[in-house]
Amino acid sequence: MMNGMTNMMKMMDEQSMMNMMNTPEGQQMMQSCNKFMAAYNAKKDEGMKQ
């Protein structure tokens with residue numbers, strides 16, 4: 001997955017990426033990503049406690 005994100009970042013310059021993030025679609029994508037990462041980290045932390 002990180003390879004895909006890296007490739008996307010390489011294809012776009014920083015300014016166009018920032019412009020995309022400021023669209024409603026970009027904001028929705030970031031919210032989804034944040035939820036995913038929070039769930040992933042909670043699951044990872046839960047596994048470490050056992």
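**Reading the model**

Reply: Gladly! Confidence comes first: the protein chain averages a pLDDT of 81, and 84% of the residues score at least 70. pLDDT is the predictor's confidence in each residue, from 0 to 100. This is a predicted model, so local features need pLDDT of at least 70 and side-chain atom pairs count only at pLDDT 80 or more, while totals for chains, interfaces and linings use all residues. Residues are numbered from 1 along each chain as its sequence is written, and side-chain values use heavy atoms, with hydrogens and water left out.

Me: Is Gly-26 buried or exposed?

Reply: Buried means under 20% relative accessible area, exposed over 50%, and partly exposed in between (1.4 Å probe, protein chains only). Gly-26 belongs to helix α3 and is buried, because its relative accessible area is 7%. Leaving aside residues up to four places away in sequence, Gly-26 touches Met-20 and Met-21; contact means heavy atoms within 4.5 Å. Of the 50 residues of the chain, 8% count as buried.

Me: How many aromatic pairs are there?

Reply: A pair of aromatic rings is described by the distance of the centres and the angle of the planes. Rings of Phe, Tyr and Trp (its six-membered ring) pair if their centres lie within 6.5 Å; planes under 30 degrees apart count as stacked, over 60 as edge-to-face and the rest as tilted. The count here is one aromatic pair. The rings of Phe-36 and Tyr-40 have centres 6.4 Å apart and planes at 20°, so this pair is stacked. Both residues lie in helix α3, four residues apart, about one turn of the helix.

Me: Why does Phe-36 count as partly exposed?

Reply: Phe-36 is partly exposed because its relative accessible area is 46%. Tyr-40 is also partly exposed, at 44% relative accessibility. Met-37, likewise found in helix α3, counts as partly exposed at 35%.

Conventions. Helices (H or I, at least four residues) and strands (E, at least two) are DSSP runs, numbered from the N terminus.
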